[in-house]
Amino acid sequence: MRRALAVALTAALMHGAGPARASEALGRMTAQAGGWATAQAGGATTAQAGGWATAQAAELTRQAEARAAAGETDVALARYLEAVRFDATYGPAYLGLGSLYERAGDPREAERTYTVGLDHVPGFVEGHRARAALRAREGRRDEAIADLEAAVALRGDDAGLLRELAAAYVAAGALPAALGVARRLTALAAQAGDSALAAAARTQARALSVLVGEADPVRAGGRDRGPVRRALAAYTAAPARGQTGSPRREGR
């Protein structure tokens, strides 16, 4: 049955079904994948069946990448879709398929592919990242930032992601948020012993602090800027001193 369905899909693609109809099949195929894997496993354990399905999806994705590089878009599309059918949780297949649609000038189907992937792949950081890049290229800045924030929430120690999020905040004019990310990146780099990254992040944080000015509670905390800003400054600065000293005891 698996081979028959795969052949039918490939035939549809090669005889005029086109990417749009193939994309419509993506949702159906992902819904079927879990039940099919269980049925085919027979007496095997779920882990064994999952491992086999993932291996098949990885091989089909590898073939799809090779076909795409050779300019054989229809064959690559068929391979990606079959990969998703084998293992609906295999993230690289969604990334490859979405990229294929983007290169074909179909951002709508690309975004739909990334979204389906995010619905099926747990902790799909790269799916958020790919969809954020697509949305940013279309000028949908807020949606792109939301995707990057979701990615950072899943992988908060990824320096590359933090840099992307900081840049997105700067582009959106959200300088206080960008400053917060720059400081987080500085602390992360220092903890990892990456002196070059730490220096670059500190420079960015200083520049952003100047731009933010009095809106920055850390920079303005030592002055009489009201109880809320003084409290924020004390709270933010305290971890660096290893204590939770009150604003009054710190001389504020």
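## A buried aspartate

A residue counts as buried when its relative accessible area is under 20%. Keep that cut-off in mind as you look at this structure, which is a predicted model. Asp147 has a relative accessibility of 2%, so it counts as buried.

Where does Asp147 lie? You'll find Asp147 in helix H8, which covers residues 141-154. Setting aside residues up to four places away in sequence, Asp147 touches Leu118, His128, Arg131, Ala132 and Arg135.

## The largest nonpolar core

Now for the largest nonpolar core, which has 27 residues. The members that touch the most others are Leu148, Leu161, Leu162, Leu165, Tyr169, Val181 and Leu185. Helices H7 (125-137), H8, H9 (159-171), H10 (175-192) and H11 (195-212) each give two or more residues to this core.

## How H10 meets H11

Next, check out the pair H10 and H11. Their axes are 8 Å apart, and the two helices pack at an angle of about 155°. Angles over 145 degrees count as roughly antiparallel, so H10 is roughly antiparallel to H11. The crossing of these two helices is left-handed.

Which residues of H10 and H11 make the contact? On the H10 side they include Leu175, Leu179, Ala182 and Leu185, while H11 brings in, among others, Leu197, Ala201, Ala205 and Leu208. Sorted by class, the contact of H10 with H11 has 15 nonpolar, 3 polar and 2 charged residues.

Key:
Residues numbered from 1 in each chain as written. Predicted model: local features only at pLDDT ≥ 70, side-chain atom pairs only at ≥ 80, totals over all residues. Heavy atoms only, no water. Helix = DSSP H or I, 4+ residues; strand = E, 2+ residues; numbered from the N terminus. Buried < 20%, exposed > 50% of the residue type's maximum accessible area, 1.4 Å probe, protein only. Contact = heavy atoms within 4.5 Å. Core = buried A, V, L, I, M, F, W, Y, C linked by side-chain atoms within 4.5 Å. Axes fitted to C-alpha atoms, helices over the stretch in contact; angles between N-to-C directions. Parallel < 35°, antiparallel > 145°, perpendicular 65-115°, else oblique. Left-handed = near helix turned anticlockwise from the far one by under 90°. Nonpolar A, V, L, I, M, F, W, Y, C, P; charged D, E, K, R; others polar.
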